[in-house]
Amino acid sequence: MKSLPVVLCLSLATLVFGRDFRPESHFENIPLEDSSIQQCYVFHTTAGVEYRVESSNDLIHWTTQDEIYGLGNEYVVTMREYTPPPPPPPGTPPAVRPAPAKNTSVLFHRSSGASGGTVISWRSLDHGGPVVVRIAGEMVAGWDLMPLYSDRYDAYYFFIMYAGDVANPPAENPPLGPNDTAMLAVLEASLPSMNQKVSDSAARARNSPPPAPADPDSKRFWRVHVDAGIDSDLDGSPDWAEFEIAARGTGSLVSGVSGDAFDADTNADGIPDGDQLDADLDGVSDSQDPKPSDSSAFFPVGPIPRYALFPILYQPEYPDPFQISDKGRVLYRTGSWCAGIWTPLVPPAGGIQGSSQPAHAYAINDNDVIVGEGTYQLSSDPEYHARMVYYWPTPDASPRPVQNSQDLNAGYASHFVGDYYYHGFAPRPVLSKDGRFTAVTKEWSETSGGYSTTSVQGSDGTFYENELRVSVWTLPIGAGNQSTEADGSIEMPFHRESGLNWGYTVAHDQDGNETGPREGKVLAPGELPKLPFEPYNVFSTTNGILALPPTHLEESPKLFRNNTWHDSPSYQYAADMADDGVAIADGNGAAKLGLTAPILLNGKWEGIERSTPGLPPTEPTDPVLRLLDTTPSGWILAQTGTGVTKTDATMLPITVKGKSSDTSLADGATGVDEFSILCDNPGPSVQDRIWIMAPLTEGQTKFTLKAPVNPAAPLKLKLDTEGIRFDGATEKILTAPENEVLMECVSANETTRDVELNLSLGSVESISKPLGVKIMKDRIVRVKPFLVTQRTVVPDPANPGQSLIKTNTPDLTPTRATLEKYLNDVFEPQVNTTFVVEEPTDLQLEWDANGNGSADPASPETPGAELQPMLDLADGFAGDADIKVFFLGTDKKIYKDKARGLTMPDTNSCWIVADTLAKPDKPETGITLYEVAQTTAHEIGHVMVGSGHPDGGDGPAPLPGTDHLERLMVDGEKLPHLKVGDVTRAIARKHRLVKGEWDAAEIWLRDNVDNHGGL
């Protein structure tokens, strides 16, 4: 191994929230048999986790050195040769090799004392503590150019540092142990030699030309990539989880299911184990759990939204928005904005004189009710104006004072507790959806001409006159003007749904000063145990109460379940959350994550560039986009910039789900690719968008679009390409949260386009592009089937020396009509391609050249002596066929008994096992006719999109980290084999093609169908 003078960094990737899969590790100098010493990085693996060791000399280009499947073992990464082996001695080698050098780090200082010398300090070789001594030897001037020096003397390899300073010598040298005494003797004796080498080096530096550029291999960096998502049996439960479940014996949701990383169905019930295992014991199966390592990540995996970002065009006098409602309405201090329309707050009437008074808003709930404050004239003689809470039943309505009687004789809400004790509310809900909030109440009596007061006894026994109380107010429903008031607490200013309130408690001294830390207090509706932090946001979920700390704290979020608070690391850095578990991070959280405007989607934090694709590029000096608030259905309030350049925006979550026209293939063969964006790195063809295939001239693509829109904030879909129709019209107006849409293209060229999205019928256009459309021509592919009978010459047992012709005819072939329908159901909705399957032609030949009963190519790319004769014989019958399919009568599976199907893309041909290959006594163990059709569609897929399987990490769209069982192009031999009764068989392959495969298929269709055949 080449010795590297500089070894710089080693980094570890992949920290999975809820479980840290970064390995325990350390550096170690390991002697080898040749007496060399290698500097090594040693880490301990976790069973079921894959590790990839990579190295680089420039931090840009990385080379994989090794890939390790962890089994709980230690792994050693050799980084550099620390001490080379001794040269081979002449003659007979000595019986004992010399001992390796003792590495010693020493710090030099020039002595400040009158007696001169050099002050030496090091970490004791005897007791490990610091040692400082003075030696008589002097350092030469050249040391000023030599801050670092290393060399070997006797049995020691010295690493000497000199900072160019002086140090006070000790009054006398301390007593030294035997190891320190021996080392110091060698060092002191070697100082003259060191001085000479330093002087020579300084002279060369003065008289030599500049040194040559450093050898790029003179430094090396290492990193270890940790992949905890390996699922060897593709059952939906990661390998590490199944190893852990097997070891501890818990984690099964179904009796008889145990963890086995290499068996997809341990209880043989026909259901993948991932649907029946629960590694973190949170009640959600591993296959549906966004984080099987975190019991607080309990929201089942769902479709990932992409966001349309709509800039807010109106800049009011107070430019900072602070909340958004579930109807998409953005609240400012002086009014609200929704779908391009600014609605100013109507000021209060002003009390008995009716004069208009200013007001400003404090909160909006998800019914678009607004609360705020203004001034109210309570009396004219004497004239008294009071601060008072108002509410606006609708954003454009006149305000109503919050009072518990019509004439204020009882009391009124004076001001918000939150305003008094907190600085800013958003995104914490001050006003609940059912109209509750906490405010300071004052009482007024016109008959007595002032406040009514009550006497209260203080902690010191003295009675005080009190004119204030804290109350929880509930706004009236409908046209009523009288609010209701209940006893409240100054500690509970935040309210979500009924019964869920929170704030904090803290001890005070008699002067009102806080004397201890703030503790979180949550009512849900009964009081829960105290939290170690003042909660910033609290949510009620199906799995418990989730409390988020302010993101500037290092505290972990907490989930209250089973009568106690548990850490919830998946929601670390979250500031607010929607009902489906999608969370946003504020500026503090974004800084800690190192992402711009992060959003938590299915347990993964994604930056704005992924979740909101197509945003215009920004300069490095531009202000960072940040997220301020989100709603139960997922609207997000965003802001970028500062001061007069500040820009506000709303973000609308959009999910799309394809709908199959054939219910038998409703497993992804829909022409909608919402699947690729689930991948950590889906590739450039996806551009982080949801993709819809629009068939050109004929056909439709049906999909369901979900977005939290409403009649006040409608969403319009349109395209800038002529001929695109939504339900037969050039544009589609959506006013409901769920909408079914038919897309077609009556005249256009094959191309890709972004869907234009507009709020409020076009007045505000999205500057992000969450939806893409791929327009594809309708094409017809002609398929020619061949039924290949295997002819084999065998000895005639009745006539010695004579031979017989043994034939094996394919006995499991779908009819022409059945295969044609199946292929059309798979490919027409996805790549706008239909198939014409011709009548099959019988072929008979002796193809089994090696006599093993399996049709074997010479290589994956070369037909060879067994497949080429079939191609040659078929040429006379193929006609204008675009694809040739050979159904084989065979004694074994093909390709050395490995596969049910085989494709040679260069010949546009594929081979299918058409024999049941059943056990003689168990016919049910054989291949079925449906599996033959599945295999045929898969192999034709290889013709169109090329070689490779996504679960093998190759092909046009590997999409690591996604469920490969959804894909048509998954390797059939790697499909989980489930045992039903006493029969073990592979589970059914699904039929999804994704955008990268659409693109590859389009290239093949242009080259082979448009130019060389078809109809």
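Colleague: What makes Lys-197 count as partly exposed?

Modeller: Its relative accessibility is 37%. Buried means under 20% relative accessible area, exposed means over 50%, and partly exposed is in between, using a 1.4 Å probe and protein chains only. Lys-197 therefore counts as partly exposed.

Modeller: A word on the ground rules. This is a predicted model, in which local features need pLDDT of at least 70 and side-chain atom pairs count only at pLDDT 80 or more, while totals for chains, interfaces and linings use all residues. Residues are numbered from 1 along each chain as its sequence is written, and side-chain values use heavy atoms, with hydrogens and water left out.

Colleague: What is the average pLDDT of the chain?

Modeller: The average is 83, and 86% of the residues score at least 70. pLDDT is the predictor's confidence in each residue, from 0 to 100. Over residues 1–18 the pLDDT is below 50. That stretch still has 67 contacts (heavy atoms within 4.5 Å) beyond near neighbours in sequence. Residues 419–424 also have a pLDDT below 50, with 14 such contacts. Where pLDDT is low, predicted coordinates should not be read in detail.

Colleague: Which residue forms a salt bridge with Asp-151?

Modeller: The partner of Asp-151 is Lys-197. A salt bridge is a side-chain nitrogen of Lys or Arg within 4 Å of a carboxyl oxygen of Asp or Glu. The closest N and O atoms of Asp-151 and Lys-197 are 2.7 Å apart, so the pair meets the rule. It links distant parts of the chain: Asp-151 sits in strand 10 (residues 148–153) and Lys-197 in helix 1 (residues 178–207), 46 residues apart. Helices (H or I, at least four residues) and strands (E, at least two) are DSSP runs, numbered from the N terminus.

Colleague: Why is Asp-151 called buried?

Modeller: Asp-151 has 19% relative accessibility, so it counts as buried.

Colleague: How many salt bridges does the rule give?

Modeller: The count comes to 40. Another one joins Lys-774 and Glu-1002, at 2.8 Å from N to O. This pair also links distant parts: Lys-774 in strand 54 (residues 771–777) and Glu-1002 in helix 10 (residues 995–1010), 228 residues apart.

Colleague: Are Lys-774 and Glu-1002 buried or exposed?

Modeller: Lys-774 has 4% relative accessibility, so it is buried. Glu-1002 has a relative accessible area of 8%, so it is buried too. Salt bridges that share partners join both residues into one network, which includes Glu-750, Arg-1006 and Asp-1010.

Colleague: What about Glu-527 and Lys-530: how far apart are their closest N and O atoms?

Modeller: They are 2.7 Å apart, and the two residues form a salt bridge. Glu-527 is partly exposed because its relative accessibility is 45%. Lys-530, with a relative accessible area of 36%, is partly exposed as well.

Colleague: Where does Asp-915 lie, and what is its nearest side chain of opposite charge?

Modeller: Asp-915 lies in the loop between strand 61 (909–913) and helix 9. It is buried, and the nearest side chain of opposite charge is Lys-806, 9.2 Å away. Lys and Arg count as positive, Asp and Glu as negative; His and the chain ends are not counted. Asp-915 has no salt bridge. Leaving aside neighbours within four places in sequence, its contacts include Asn-808, Leu-888 and Ile-927.

Colleague: How many bridges join strand 7 to strand 11?

Modeller: Nine bridges join them, and the two strands run parallel. Two strands pair if DSSP finds at least two bridges between them, so this is a pair.

Colleague: Why does strand 30 stand at an edge?

Modeller: Strands 30 and 32 each have a single partner strand, so one side of each is left without a neighbour in the sheet. The order in this open sheet of three strands is 30-31-32.
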